[in-house]
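Please keep the viewer open as you read.

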Amino acid sequence: MAQITACIFDLDGVIVDTAVYHYRAWKRLANELGFDFTEEDNEKLKGISRVKSLELILGWGGIEKTETEREELASRKNNWYVEMIQSMRPDEILPGAKEFLQEVKAAGLKTALGSASKNSGLILERTGLLPLFDVLVDGNHVSASKPDPQVFLRGAEGLGILPEHCVVFEDAVAGVEAAIAAGMKVVGIGSAEVLNRADLVVKGLFEIHVPQLNNL
Ligand code: BG6
Ligand code: MG
């Protein structure tokens with residue numbers, strides 16, 4: 001079995017709980033367009049890119065828009081979202097996330113971010129987590145989004161480590177699929193029923209420690 005030498009982390013839902021901000025911003029947009037957007041709808045957008053999320057939302061509302069209109073809507077939503085995450089603080093880091101990142105670094109393993117978000121830099125900076133990552137790959141650097149493995153393969157490449165030596169931490173089904181497609185191990189964060197393709201599922205990074213990574 002290949003030794004694990006790198007950890008690649010999704011951001012939203014694994015390290016920080018930004019889903020609530022995405023929810024508020026999408027809901028405001030849907031309401032302006034004349035329909036509602038529920039928390040259950042928001043669940044379906046986990047790990048899904050901004051453009052794809054908007055397509056799904058417009059579909060649920062039964063609304064058609066031109067590409068130019070869609071671009072305007074996506075940036076309107078993003079402006080509201082950015083306004084909210086501007087004031088994020090280190091106390092919004094999910095339980096155990098910072099401690100686990102520190103444990104990983106102290107054990108001499110490499111760390112990368114593998115996120116669909118184009119706002120990851122701002123979030124990591126606001127929460128003070130930037131120095132804990134060796135490589136950052138996010139929605140600004142990929143042409144295909146999860147479940148495509150590109151974001152994780154770029155992360156491994158950036159670290160100079162083969163995929164089989166990497167473990168991914170993910171809360172979204174699309175992200176678990178991306179990790180498997182990349183040929184990596186994957187720890188799911190959330191429900192074992194939903195993330196049933198992951199090698200191990202935990203409730204949060206507070207439940208996992210470095211010695212477990214070579215038994216996945
Ligand atoms: C993912 C979130 O991490 O990033 C999705 O789970 C979000 O909900 C996606 O749509 C894109 O984020 P952003 O910040 O680029 O709009
Ligand atoms: Mg996520």
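## Around Asp12

In this predicted model, Asp12 is in contact with Thr18, His22, Tyr81, Ser117, Ile123 and Asp171, leaving aside its neighbours within four places in sequence. Asp12 sits in the loop between β1 and α1. With a relative accessibility of 18%, Asp12 counts as buried.

## Around Asp10

The loop between β1 (6–9) and α1 (19–32) also holds Asp10, which is buried with a relative accessible area of 6%. Beyond four places in sequence, the contacts of Asp10 include Ile15, Leu113, Gly114, Phe169 and Glu170. Lys146 is another contact, and its side chain makes a polar contact of 3.0 Å with that of Asp10.

The unreviewed UniProt entry annotates Asp10, Asp12, Glu170 and Asp171 as "binding site". These residues are spread over 162 residues of sequence, yet they cluster in space, with a largest C-alpha distance of 9.0 Å.

## The cysteines

How many disulfides does a search of the whole structure find? The search gives 0. For Cys7, the closest cysteine sulfur belongs to Cys166 and is 8.6 Å away, so the two are too far apart for a bond. Cys7 is buried at 0% relative accessibility, and Cys166 is likewise buried at 0%.

How values were computed: Residues are numbered from 1 along each chain as its sequence is written. Chains are lettered from A and ligands numbered from 1 in the order in which they are written. This is a predicted model: local features need pLDDT of at least 70, side-chain atom pairs count only at pLDDT 80 or more; totals for chains, interfaces and linings use all residues. Side-chain values use heavy atoms; hydrogens and water are left out. A disulfide is a pair of cysteine sulfur atoms within 2.5 Å. Buried means under 20% relative accessible area, exposed over 50%, partly exposed in between (1.4 Å probe, protein chains only). UniProt positions are given in the numbering used here, feature names are shortened, and annotations may be inferred rather than shown by experiment. Helices (H or I, at least four residues) and strands (E, at least two) are DSSP runs, numbered from the N terminus. Contact means heavy atoms within 4.5 Å. A polar contact is a pair of N or O atoms within 3.5 Å; within protein, one must be able to donate a hydrogen and the other to accept it, and residues adjacent in sequence count only if both atoms are side-chain atoms.
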